[in-house]
Amino acid sequence: MDTAISAGHRLFDAVLLDRDGTLVEDVPFNGDPEKVRPVPGARVALDRLRAAGLRLAVVTNQSGLARGFFTEVQLRAVHARVEALLGSFDAWLVCPHDDGDGCGCRKPLPGLVWAAARELGTSPGRCVVVGDIGRDVSAALAAGASGILVPTPVTRPEEVAAAGWVATDLPAAVDEILRRQAAVDPATYRSAAAGSVFPSTDTAVGSAAATGAVRPAGRVGTRSGGGGRRTVVVVRSDSAGDVLVTGPGIRAVAAGADRVVLLCGPRGRAAADLLPGVDEIVEHPLPWIEATPDPVDPTAMRELVGRLAAVGADEAVIFTSFHQSPLPLALLLRMAGVPRIAAISDDYPGSLLDVRHRVPVGIPEPERALSLAAAAGYALADDDEPTLRLRPEVLAAADPVTAGHPALAEPGYVVVHPGASVPARAADPERHAEIVAALVAAGHRVVVTGGPDETDLTARVAAAGAVDLGGRFDLAGLARVLAGARCLVVGNTGPAHLAAAVGTPVVSLFAPTVPFGQWGPWRVPTVRLGDATAACRDTRAARCPVPGHPCLSDVDPAEVVAAVRVLGPPVPT
C-alpha cells in the first residue's frame, strides 16, 4: 500500500500531467465532454499518487482556444468531465496560445511547469512531468523538473531516444515515481528489516519494499578510534564530475554522522574540496577504477589500509558508478577493521558487505547515491534539498581572476566550455567556434573556459568573438564564474554538474554514448541538443566510433542560440 513519505526524505512533491494522450485519449481540439475517455488504469494510478501524498496538476497546451475550435466554457466542461472520471486535481495550467503567438507557456517552453510549481507551493526540481511527446519532456527539462515520456503511436522514435526516463504507460510511470520516491527513504528499508538480526543485508529498489535485513545506522557502536563520535568513511574515487554527483548522498550520510571522511582519487580531489558535509579527505588512487589503470602496488595498498585504519571508522559507504565493483575496496576496508560496510553490488559479496544494495540500470547518479545512503540508514536533513550543492564559502571566496576581470563584472554572460575529459563527449573546435560566433551575433557576452591543458583549444574557440579564460582558474574559480552566468554551453562532462551545483542552466551538447537519464545535468534547467539516435548510442566509447562525430557535429549553432533564449531572460538591447 502506498503511504506518504516525510518531506525531508523524498524526491518529489508533485506530479504534473499532460492531458491529451497521457490522462485521456487524444481527441484533436476536443470541446465535447462526452468524448473524454481516460487511458487504461488512469484512475487507479492517480489515486496511488494521491495516497502517497503527492499533489497533482494538469499542464496542457490547448491551441484550440486560439484557433477558435472551442470556447473557454467548453474547455472547462471538458476538464470537469476529466475530474469526474479521474478525481480532482490540485491545479489546472492551460496554455491557450498557438505556436506563432510568442508566449512563454506553450510546451516545450517551461512556463506551465514554473506556474504549476508556484501554484502547488513547491519548486520545479521537486516536480515530475508526465507526457506522451517530446514537448512535455523538453518543458520539464527546461524548468529543472524531471520528465517521464509515456509513448503513444504519435510519439516519434527520436523523442523516445532523447527522453531520459521512459515508461510503457501511465500506471508504469506511477510505479516508477513511487519506487524512486521510496528508494531514497530509509524507512523503506527499516520496515523491511523490522525484527531481523541477520548479519548481512540484501536491499533492492525494484519494488517499494526491500528484501532482507537492514541494521539502522544508530545501532552500530562507536569504535575507540572515533573519540566517542560516530565516524563514517564515504568513498567516491573517480573524476570531478563523479564526485560532484555523489554530493547529495554524502550530505545524507553527514546528516546522520558526527564525522565524515571522504576517500577520493587524485582526479576527484578538487571536487571533493567543494562538497558540504565532508570533514576530512583521504586522497589515494584506486587503480582498478581507472580506464587506463596502473598495476596494483601492494605497498601502496598496505599504506591505504593503514590510513583507513587510522580513521577509526564505525562504518563505510562505498559510492561507485554503475559499472564498477565496490568489492576490492570493501576487502581493504575489512582489513582496516571497519565493522559495517554498505555498497551497491550486483556481484555476490560474501562477508565483504553488511548492506548489499541493488539499483536498476539508468537511475540518475545522484539518486543512485541517495538510495545507497538510505539503504545504509541515512537521509538528507529536513532542511536540505535533493540537489547538487557546493560549500557556501566556495562561492563567497575572493578570487582575483573572477572578481577583477571586466568580462565577469556583470552577471548574465554565457559560458562556452568546449573541452571534455572524454573526447567522445565534446563537439569539435570548429563547431564550438561557430556556436560562439552565433551567440555573439545574437547579442550575448560570451566567455570560453577550460583547464590549463586546454588553452590552445579555448584560444581557438574564443577567436570567434568571445573572451578567452582558458587555464585562468581552478575548479572553485570555475564554479564562481558559472555562478554569475546566464547559462553554460557544454558537453556531458564535469562542468555540467558544477553548473547544476550552483544553479546555472545548461545547454547540454549531449553525446549519447552514455544514457542522458543517468548522466544529464540533474535538477537544473536544461536544454538537450545533439542526435540521441546516433550509432554511438550507449557504447560508452571514450573516442567517437563513428566517422565525423555525427551526434554533435550536426548541432546547429542557431539551436544553441534558441536554447539559451529558452533558459534565460531576453538579451538587453
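Guide: Helix α10 passes α14 in a right-handed crossing. The model is a predicted one, where local features need pLDDT of at least 70 and side-chain atom pairs count only at pLDDT 80 or more, while totals for chains, interfaces and linings use all residues. Residues are numbered from 1 along each chain as its sequence is written, and side-chain values use heavy atoms, with hydrogens and water left out.

Visitor: Why is α10 called roughly parallel to α14?

Guide: The axes of α10 (residues 247–256) and α14 (residues 365–375) cross at roughly 25° and come within 7 Å. Angles under 35 degrees count as roughly parallel, over 145 as roughly antiparallel, 65 to 115 as roughly perpendicular, and the rest as oblique. The label for α10 and α14 is therefore roughly parallel. The axes are lines fitted to C-alpha atoms, for helices over the stretch in contact, with angles from 0 to 180 degrees between N-to-C directions.

Visitor: Which residues of α10 and α14 meet?

Guide: From α10 they are P248, G249, A252 and V253, and from α14 they are P366, A369, L370 and A373. Contact means heavy atoms within 4.5 Å. By class, 7 residues in this contact are nonpolar, 1 is polar and none is charged. Nonpolar covers Ala, Val, Leu, Ile, Met, Phe, Trp, Tyr, Cys and Pro, charged covers Asp, Glu, Lys and Arg, and polar takes the others, Gly among them.

Visitor: How do you know that α10 is mostly covered?

Guide: Of its 10 residues, 7 are buried, namely G247, P248, G249, I250, R251, A252 and V253. Buried means under 20% relative accessible area, exposed over 50%, and partly exposed in between (1.4 Å probe, protein chains only). The elements covering those residues include β7 (231–235), α9 (240–245), β8 (259–264), β10 (315–318) and α14.

Visitor: Why is α19 described as largely enclosed?

Guide: Helix α19 (residues 475–483) has 7 of its 9 residues buried, so the rest of the structure largely encloses it. The buried residues are A476, G477, L478, A479, R480, V481 and L482. Among the elements covering them are α15 (392–396), α16 (400–404), β13 (413–417), β16 and α20.

Visitor: What makes α1 and α3 roughly perpendicular?

Guide: Their axes cross at roughly 80° and come within 9 Å. That angle puts α1 and α3 in the roughly perpendicular class. A42, R43, L46 and R50 in α1 meet A84, L85 and L86 in α3. The contact has 5 nonpolar residues, no polar ones and 2 charged ones.

Visitor: Is F29 buried, partly exposed or exposed?

Guide: F29 has 36% relative accessibility, so it counts as partly exposed. It lies in the loop between β1 (14–17) and α1 (42–51), and has a positive phi of about 50° although it is not a glycine.

Visitor: Why is R523 placed in its burial class?

Guide: The relative accessibility of R523 is 13%, so R523 counts as buried. R523 sits in the loop between α21 (516–519) and β18 (526–529). Its phi is near 60°, a positive value in a residue other than glycine.

Visitor: What makes T493 a buried residue?

Guide: T493 has a relative accessible area of 9%, so it is buried. T493 is in the loop between β16 (485–491) and α20 (494–501). Leaving aside neighbours within four places in sequence, T493 contacts G419, A420 and S421.

Visitor: Why is A330 called buried?

Guide: Its relative accessible area is 0%, so A330 is buried. A330 belongs to helix α13 (residues 327–335). Beyond four places in sequence, A330 touches I318, I341, L352 and L353.

Visitor: Where is the cis peptide bond?

Guide: The bond from K107 to P108 is cis, with omega near 25°. P108 is in the loop between β3 (91–95) and α4 (111–119).

Note on methods. Helices (H or I, at least four residues) and strands (E, at least two) are DSSP runs, numbered from the N terminus. A crossing is left-handed if the near helix is turned anticlockwise from the far one by less than a right angle, and right-handed if clockwise.
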